[in-house]
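Load the model in your viewer and keep the sequence panel open. The stops below are given in the order in which to select them.

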Amino acid sequence: MIVPQVTEPVVVDEPAPPELTTEEPWSVERVLDTTRVVVRRKGQIQQVRLLGLTDTVLADDVDRRYLEGLIRGKLVYLAFDEEIAAQDEEGITTAFVYRAEDNFFVNLNMIQSGHAAVAGGYTHVYQAEFT
């Protein structure tokens with residue numbers, strides 16, 4: 001079986017990160033797919049949907065592994081859009097995800113690198129940057 005190589009993150013011009021909370025960052029425990037991760041902090045486990053993203057039409061394991069390479073086992077901050085509910089209809093937390101070590105904007109990078117697509121049906125604070 002041939003295993004595709006996971007590429008390095010695409011470097012993009014990113015908008016300035018929002019005022020991130022002074023709360024402790026979350027540890028990324030698992031990457032479920034290209035839009036959902038499981039995070040842990042102080043014994044609390046949460047599933048998080050990356051806000052503004054949807055799977056690409058041809059989403060596959062390469063896209064999921066790309067996200068794993070960006071954040072699995074790393075600390076992240078969650079940022080929220082005040083105009084959008086903090087949880088979706090399934091009760092999953094929806095957030096913008098920033099890698100704590102360098103404030104790397106994960107959601108935007110997933111779109112600009114082609115590993116995720118822009119979600120439709122709602123607008124958010126970074127809509128212009130995402131399209």
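pLDDT stays under 50 over residues 1-6, and the model has 5 contacts for them beyond four places in sequence, a contact being heavy atoms within 4.5 Å. This is a predicted model, in which local features need pLDDT of at least 70, side-chain atom pairs count only at pLDDT 80 or more, and totals for chains, interfaces and linings use all residues. Residues are numbered from 1 along each chain as its sequence is written, and side-chain values use heavy atoms, with hydrogens and water left out.

Now show the whole protein. Its average pLDDT is 83, and 80% of the residues score at least 70. Switch to cartoon: there are 3 helices and 8 strands, which are DSSP runs numbered from the N terminus (helices H or I, at least four residues; strands E, at least two). Their order along the sequence is β-β-β-β-α-β-β-β-α-β-α. Confidence is highest in β1, at a mean of 97, and lowest in α3, at 83.

Next, select α1. Of its 11 residues, 8 are buried (under 20% relative accessible area, with a 1.4 Å probe and protein chains only). Among them are D63, R64, R65 and E68, along with Y66, L67, L70 and I71.

Beyond four places in sequence, V37 touches L67 and I71, and its other contacts include V28, V31, V48 and L50.

Move to H124, in the loop between β8 (117-118) and α3 (127-130). Is H124 buried or exposed? H124 counts as buried because its relative accessibility is 8%. Leaving aside neighbours within four places in sequence, H124 contacts G52, D81, I84, F96 and F130.

Finally, from I84, select the rest of the largest pocket's lining: R49, L50, L51, L53, A85, Q87, D88, E89, T94 and Y122. The largest pocket holds about 190 Å³ of space.

Key: On a 1 Å grid over the protein atoms alone, a cavity is a set of points where a 1.4 Å probe fits but cannot get out, and a pocket is an open set with protein on both sides within 12 Å along at least five of seven lines; lining residues have an atom within 4 Å of a point. Grid points are joined across faces, edges and corners, and a volume is the space filled by probe spheres set on the points. Buried means under 20% relative accessible area, exposed over 50%, partly exposed in between (1.4 Å probe, protein chains only). pLDDT is the predictor's confidence in each residue, from 0 to 100.
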